[in-house]
Amino acid sequence: MAKPGYVYLMASSQNGTLYLGVTSDLVQRAWQHRNGFGGEFSAKYRCHLLVWYEAYDDIQEARQRELRMKKWERKWKLRMIEEVNPTWRDLFEDIAT
């Protein structure tokens, strides 16, 4: 049985620094980023806002999507965020409840 996964983008602010990641537990991982435990890069640049995510039935699919997205231009990521979250609202409360 496949383990579910998520691809997500954390941001420092609207149009700020972006962090792209993959996880099997989005609530826990977003909490870690919000509280400075998400890794050196996200802590240094204060990427604390969950601004976009996609869910997958299989974490391997999520990892493949992340690898493809890491090659994307920044403007493509910004456009994708703004299509589903035009105000760059922090989505953490949506997933944490």
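Helices (H or I, at least four residues) and strands (E, at least two) are DSSP runs, numbered from the N terminus, and in these terms Thr17 lies in the loop between strand 1 and strand 2. This is a predicted model, in which local features need pLDDT of at least 70 and side-chain atom pairs count only at pLDDT 80 or more, whereas totals for chains, interfaces and linings use all residues. Residues are numbered from 1 along each chain as its sequence is written, and side-chain values use heavy atoms, with hydrogens and water left out.

**The hairpin and its loop**

- Strand 1 (residues 5–11) pairs with strand 2 in the antiparallel sense over 6 bridges, where pairing requires that DSSP finds at least two bridges between the strands.
- The two strands, strand 1 and strand 2, form a hairpin with 6 residues between them, and Asn15 in the turn has a positive phi of about 60°.
- Thr17 is partly exposed, with a relative accessible area of 24%; buried means under 20%, exposed over 50%, and partly exposed in between (1.4 Å probe, protein chains only).
- Leaving aside neighbours within four places in sequence, Thr17 is in contact (heavy atoms within 4.5 Å) with Met10, Ala11, Ser12, Phe41, Tyr45 and Cys47.

**Thr23 in strand 2**

- Thr23 belongs to strand 2 (residues 18–23), and its bridge partner is Tyr6.
- Thr23 counts as buried because its relative accessibility is 11%.
- Not counting residues up to four places away in sequence, Thr23 touches Gly5, Tyr6, Tyr8, Arg29 and Ile59.

**Nonpolar cores**

- A nonpolar core is a set of buried Ala, Val, Leu, Ile, Met, Phe, Trp, Tyr and Cys residues joined through side-chain atoms within 4.5 Å; the largest has 14 residues, of which Val7, Leu9, Leu18, Trp52, Met69, Ile81 and Trp88 touch the most other members.
- Two or more residues of this core come from each of strand 1, strand 2, strand 3 (49–56), helix 3 (59–69) and helix 4 (74–84).
- A second, separate core of 9 residues includes Tyr8, Leu91, Phe92 and Ile95.

**Helix 1**

- Leu26, Arg29, Ala30, Gln32 and His33 are buried in helix 1 (residues 26–34).
- The buried residues of helix 1 fall within an arc of 155° when seen down its axis, so they line one face of the helix; the arc is that of the directions from the helix axis to the C-beta atoms.
- These buried residues of helix 1 pack against strand 1, strand 2, helix 2 (40–44), strand 3 and helix 5 (92–96).
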